[in-house]
Amino acid sequence: MVLHPSPKRGISSKIMSAASLPTKLALGLIFLAAILAATLYTIHNSASFHTNVPTGWIMDTPAGLGGSDEASRRKNERHQNRREMLEKEQTTAAEADFQEEEQEERGPMNIILFYADDWRHDTLGAAGNPIVKTPVLDALAEEGVRFTQNCVTTSICWISRATLYSGQYLARHHFEMLGRGRTVNGSSMYFEVPQNETIYSLLKQKANYSVGHAGKLGLWVELDRNLNFDFIVDEDGWHYRKMGNKLWHVTEKNTADALRFLTTRDKNKPFFLNVAYFATHAVDGDKRQYLPQNESLWMYENDTIPIPLTATEEAWKKMPKFFGENNEGRTRWKWRFDTPEKHQSMMKNYYRMATEVDTSVGVLLDVLRNEGILNNTLVIFTTDNGNFHAEHGLADKWYPHQESIRVPLIIKDPRMSPEFIGTTNDEFTLNIDLAATILSAAGLDPLPSMMGRDMSVLYRKNFGMHGATAQSRRTSRSTAGRQFVDPASDGDGKYHSGTETTWRTEFFYEHPMHSNPSYIPASEALVRKDYKYFYWPNFHYEQLFDIKNDPGELNDLFNSTNPVHRAKLEDMRKRFLELKMLAHSDMSIVL
């Protein structure tokens, strides 16, 4: 059963039109509270809410969690009849081409980005998760495209956000440490990306957008507010906080602030809003970790959370020897998952917070729907990094494993060609692509310093990846004069970072050391869909995994004597070094 947002939600236009601005805001928050309560009640009382499944079974999970692509296949089959019906409505190919051209020229759309925290790709009902309830996001996937192989290039909050704001790898934006960036000759360099080159500033200054940010900015470095924002509220690091006479939950506060921007923005301009939820991030230092809203505490009460197949002592012992008990991933595993009872309690609260974010997304989409602008709004849901849920004996993120680097991505775009609506896409989309995609929707080209490309070419029939007449013009905007790099020497051209007519089939991953190598060691990787190469710089340690046959990344092939594995190791080591050098270069390239 998929629960859709109630069409009756919204703010009474008669009351609001007669009220002063402070009264409007007060009434808006009152209505918001009622909407949240009503929606949570509806979700709580769903007849299909409680689901019992065998331990260890989750569909559409990263390698090693016991899942498969069967859910995506069945979903695409369910949509086949719908797609055929939509295709019949297109009178001729020429008319369809004209419609696409007209959409391209019609001017900028509104853009809303829902950007959650520590939320891995399979924390979605639409991804086949049999426990978590995300009806709004599931419905969004039905109305758009869900990208099943979307990844981050660095799995940590502040670096991923710096990548979102700049469109660059860590190797280029250098923001490696929260609050201070990199250190050069003993001095903190802070945020080195020019303030007029962030997506916020470009949208506000170049595209004349009304720009808002509600939630976790995540840098702990001040951005020039006049240059970047018309509205900003930065909330980070807490789940409950008393403000005035009200005890706020952070997701409730994120929603109220987003509503305040939507209510007070300049209605004569298109808008960009980043709703940057702090959930599902834990409260570091609080032994309870995840603190959902009180109204949600009985959700999932009777469910049994499946234990991942690789959440074993054996898997932990297969980690490199420099992973000791004082590794921060292991420390946080002890906080959350070292007993079966603790595992159940932590995951239920994590899922409760995810469902609360889902409810918030529904509330804000209803505001746009009731205002009559949702159909001219690009909607994106994604997150900053994945999360270990006890796989490999770890918790949190950082490392190049599938659980850490794969994150959800759902896009609903008014320009989307009908045959792509309600489908999944398994290309390697990355968080470096978000900036180019957002800027393109606003009619701007990505800057030469940006390293990703416009993802809309993957779901617009006549724009880039589908062999249509407008391809060259679309590719020009997508790449903006930046160069594609040569393919890898192995694979007969199969492995590459993209071309004018194809999407990337591999990418470079990087994460810096934090504090010391025993705490969070630096890690890097070359990621492909068949094999993954790991490199741990602090220890000059290499690993090779056959992702297709060992999706759990348990069996390191570095010492294999199989000639196929030896050749693969040599080829991937070479390509890894090539992509690493390119990421660290100042070349204007697409990676």
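In this predicted model, an open sheet is built from 4 strands in the order E16-E17-E18-E19, and the pairing is antiparallel. Strands, at least two residues of E, and helices, at least four residues of H or I, are DSSP runs numbered from the N terminus, and two strands are taken to pair if DSSP finds at least two bridges between them. Angles run from 0 to 180 degrees between N-to-C directions, with axes given by lines fitted to C-alpha atoms, for helices over the stretch in contact.

Within this sheet, strand E17 (residues 523-527) pairs with strand E18 (residues 531-536) in the antiparallel sense over 4 bridges. Leu-526 stands opposite Tyr-533 in E18. Helix H18 (residues 563-583) packs on the sheet and touches E16, E17, E18 and E19, where contact means heavy atoms within 4.5 Å. The direction of H18 makes about 65° with that of E18. The loop between E18 and E19 contains His-540, which has a positive phi of about 50° although it is not a glycine. His-540 counts as exposed at 62% relative accessibility; the classes are buried under 20% relative accessible area, exposed over 50% and partly exposed in between, computed with a 1.4 Å probe on protein chains only.

Residues are numbered from 1 along each chain as its sequence is written. Local features need pLDDT of at least 70 and side-chain atom pairs count only at pLDDT 80 or more, while totals for chains, interfaces and linings use all residues, and side-chain values use heavy atoms, with hydrogens and water left out.

The protein chain holds 18 helices and 20 strands. Of its 591 residues, 61% are buried. Among contacts in the chain with a separation of 6 or more, 72% are accounted for by residues 24 or more positions apart.

A further open sheet has 8 strands in the order E6-E5-E9-E1-E10-E13-E2-E14, with mixed pairing. Its edge strands are strand E6 (231-234) and strand E14 (423-425), each of which pairs on one side only. The twist from one strand to the next averages 15°. Strand E2 (residues 145-147) and strand E13 (residues 409-412) are paired in the antiparallel sense over 2 bridges, with Val-145 opposite Ile-411 in E13. Helix H7 packs on this sheet, touching E1, E5 and E9, and its direction makes about 170° with that of E1. Helix H11 (residues 250-264) also packs on the sheet; H11 touches E5, E6 and E9, and its direction makes about 170° with that of E9.

Helix H7 (residues 157-166) is largely enclosed by the rest of the structure, because 10 of its 10 residues are buried. Among the buried residues of H7 are Trp-158, Arg-161 and Tyr-165. The cover over the buried residues of H7 includes strand E1 (110-116), helix H8 (170-173), helix H9 (199-206), strand E5 (210-215), strand E9 (271-276) and helix H16 (433-441). Gly-167 follows H7 and has a positive phi, near 70°.

Ala-116 is placed in strand E1 and is buried, with a relative accessible area of 0%. Not counting residues up to four places away in sequence, Ala-116 touches Tyr-277, Ala-279, Phe-381, Thr-382, Thr-383 and Asp-384. The C-alpha atoms of Ala-116 and Thr-280 are separated by 6.9 Å, although the two residues lie 164 residues apart along the chain. Thr-280 is located in the loop between E9 and helix H12 (313-317) and is joined to Ala-279 by a cis peptide bond with omega of about 10°. Asp-118 lies in the loop between E1 and helix H6 (135-143). Phi of Asp-118 is positive, near 55°, in a residue other than glycine, and Asp-118 is buried with a relative accessible area of 3%.
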